[in-house]
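Please examine the sequence and the three-dimensional structure shown below. The paragraphs that follow lead from the strands to individual residues and then to a pocket.

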Amino acid sequence: MLYLEGPVDELPRRGDDVVHDGTVVGTITSAIRAGVDGPVALALLRRSTPADAVLEVGAFHAGQQTIVTPTGKSSASPATRPGAEFRRRLM
């Protein structure tokens with residue numbers, strides 16, 4: 001998950017590049033304005049991207065919160081991951 005700082009009247013779009021030190025390291029999958037947190041986005045990033053790196057997405061600067069580790073293990077259960085309120089319970 002990316003916490004974004006940048007223009008107040010726009011958001012990144014699905015498919016926008018995520019850049020670190022001039023190299024594309026990922027892509028945006030979705031972005032919203034989330035009340036207290038402001039603009040946030042979900043992105044798929046290369047495993048080699050440092051977790052503390054400041055990233056660029058167009059006119060935005062972004063800090064990261066890891067949801068799925070480079071080894072594929074999620075840091076949160078499905079019920080506590082961002083967007084849980086939008087997923088329906090499977091029966």
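**Strands, residues and a pocket**

Buried means under 20% relative accessible area, exposed means over 50%, and partly exposed lies in between, with a 1.4 Å probe and protein chains only. Strands (E, at least two residues) and helices (H or I, at least four residues) are DSSP runs, numbered from the N terminus.

The structure is a predicted model, in which local features need pLDDT of at least 70 and side-chain atom pairs count only at pLDDT 80 or more, while totals for chains, interfaces and linings use all residues. Residues are numbered from 1 along each chain as its sequence is written, and side-chain values use heavy atoms, with hydrogens and water left out. The predictor's confidence in each residue is given by pLDDT, on a scale from 0 to 100. For the protein chain the mean pLDDT is 85, and 78% of the residues reach 70 or more. Where pLDDT is low, the predicted coordinates should not be read in detail.

The protein chain contains zero helices and six strands, and from the N terminus on its elements run β-β-β-β-β-β. Of its 91 residues, 23% count as buried. Among the contacts with a separation of 6 or more, 45% are between residues 24 or more positions apart; contact here means heavy atoms within 4.5 Å.

How do the strands pair? Two strands are said to pair if DSSP finds at least two bridges between them. Strand β1 pairs with β4 in the antiparallel sense over two bridges, and Y3 has V40 in β4 as its bridge partner. Four bridges also join β1 to strand β6 (residues 60-64), and these two strands run antiparallel. There, the bridge partner of L4 is A62 in β6.

Phi of D21 is near 50°, a positive value in a residue other than glycine. Most residues other than glycine have a negative phi. D21 counts as exposed, at 70% relative accessibility.

Neighbours within four places in sequence aside, H20 is in contact with V25, P50, A53, V54 and L55.

Strand β3 in turn pairs with β4 in the antiparallel sense, over eight bridges. A31 has A41 as its bridge partner in β4, and R33 stands opposite P39 in β4. Three residues lie between the strands in the hairpin of β3 and β4, where G35 takes a positive phi near 25°.

G6 is found in the loop between β1 and β2, and it is partly exposed, with a relative accessible area of 42%. G6 and P39 are 33 residues apart along the chain, and their C-alpha atoms are separated by 8.7 Å. Not counting residues up to four places away in sequence, G6 touches A59 and F60.

The final feature is a pocket. On a 1 Å grid over the protein atoms alone, a pocket is an open set of points with protein on both sides within 12 Å along at least five of seven lines, and its lining residues have an atom within 4 Å of a point. The largest pocket has a volume of about 510 Å³, where a volume is the space filled by probe spheres set on the points, which are joined across faces, edges and corners. It is lined by 19 residues, of which A43, L45, T66, I67 and V68 lie nearest its centre. Which strand supplies the largest share of the lining? Strand β4 (residues 38-45) does, with four residues. The lining divides into 10 nonpolar, seven polar and two charged residues. In this division Ala, Val, Leu, Ile, Met, Phe, Trp, Tyr, Cys and Pro count as nonpolar, Asp, Glu, Lys and Arg as charged, and the others, Gly among them, as polar.

Terms used: 1 Å grid on protein atoms, 1.4 Å probe; cavity = no way out; pocket = protein on both sides within 12 Å on 5 of 7 lines; lining within 4 Å.
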